Amino acid sequence: MSFLILFVSVLIVFAIGLLLGLIIASASHFLAVRKEARIEQIGEILPGANCGACGYAGCAAYAEAIILEGAPANKCTSLTAEGLAKIAEITGQETAAAGEPEKAFIACHALPFASEALSFEYNGLADCTSRALFYKGAKKCKYGCLGGGSCMDVCPVRAIYREKSGRVVIDRKKCISCRKCLSVCPMNIIQMIPESADYAVACSHPGKGVQTKQDCGVGCLGCSLCTKKSPDGGFFMDGFLAKIDYNKKGSRNEAVEKCPSHCIVSLK
């Protein structure tokens with residue numbers, strides 16, 4: 001008799017559980033908030049890196065903001081003109097195309113751990129911020145890459161890597177222009193350079209040539225030879241440091257060939 005009661009009790013509990021499960025399943029189906037189809041379409045167009053450069057938590061949140069809040073689509077630094085055009089077609093909004101994409105570049109060509117470039121031995125935390133807090137790093141040059149790799153850690157697409165020599169470089173083809181690396185570089189030597197740029201000055205030392213040569217053998221010497229050899233190439237002097245105006249489209253080849261410290265490097 002007790003077994004029958006137990007069996008019936010279990011059967012009743014099972015039936016109640018099954019009924020409640022069916023009720024919950026039905027409610028979730030009929031009461032579910034349908035996701036706007038356009039949000040999913042835009043989500044497929046966005047790069048999916050979730051870098052946060054647009055100001056939103058990720059690509060999904062940004063796609064929702066575009067549809068539900070009318071956020072401009074050109075906040076995504078990684079979107080191509082084609083992607084912007086597709087989003088404009090989906091939303092029916094006039095989306096102003098962004099300018100030419102810019103890619104990150106580390107304006108330093110020195111080896112960060114070369115013994116001849118160090119003024120003391122550093123044994124602290126490896127990240128760049130920690131290195132910079134201690135006399136702006138162990139290098140003689142106080143304007144160059146510290147080599148800690150903090151930029152590598154924050155890059156969402158692993159476009160920044162370390163060469164066998166120890167130099168930290170950026171693969172500009174992989175760079176999505178999120179600018180996260182700029183925010184963690186304590187030396188402020190990462191620059192955004194137009195994607196179509198052919199050359200860049202890989203130096204950030206503002207001092208005179210003699211001092212730059214003492215601190216770093218591959219830095220800009222301030223000789224201004226580049227401005228003379230390639231007058232239409234956009235080279236100009238910012239104090240003792242050569243820079244390039246990328247609005248000028250003239251040839252830069254001769255300046256590159258004649259640069260005595262070879263600090264004008266190819267971006268291609």
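Some ground rules. Because the model is predicted, local features need pLDDT of at least 70 and side-chain atom pairs count only at pLDDT 80 or more, while totals for chains, interfaces and linings use all residues. Residues are numbered from 1 along each chain as its sequence is written, and side-chain values use heavy atoms, with hydrogens and water left out.

I start with the domains. The protein chain is assigned domain 1 (39-91) and domain 2 (102-266); such bounds come from an automatic or database domain assignment. Taken over C-alpha atoms, their centres lie 32 Å apart.

Now to where they meet. Six residues of domain 1 are in contact with seven of domain 2, contact being heavy atoms within 4.5 Å. The buried area between them is about 460 Å², with 59% from carbon and sulfur atoms; that is accessible area (1.4 Å probe) lost when the two parts are put together, summed over both. On the domain 1 side, A49, C51 and T77 supply 72% of what that domain buries against domain 2, more than any other three residues.

What is the count of salt bridges between domain 1 and domain 2? It is zero, where a salt bridge is a side-chain nitrogen of Lys or Arg within 4 Å of a carboxyl oxygen of Asp or Glu.

Elsewhere, the salt bridge rule gives a count of five. One example joins the side chains of K86 and E82, at 3.8 Å from N to O. K86 and E82 are four residues apart in helix 4 (residues 81-91), so about one helical turn separates them. Helices (H or I, at least four residues) and strands (E, at least two) are DSSP runs numbered from the N terminus.

Last, the hairpin. Strand 6 (residues 235-238) and strand 7 (residues 241-244) run antiparallel and are joined by four bridges; pairing requires at least two bridges found by DSSP. F235 has I244 as its bridge partner, and D238 has L241. Two residues sit between the strands, and G239 in this hairpin takes a positive phi near 70°.
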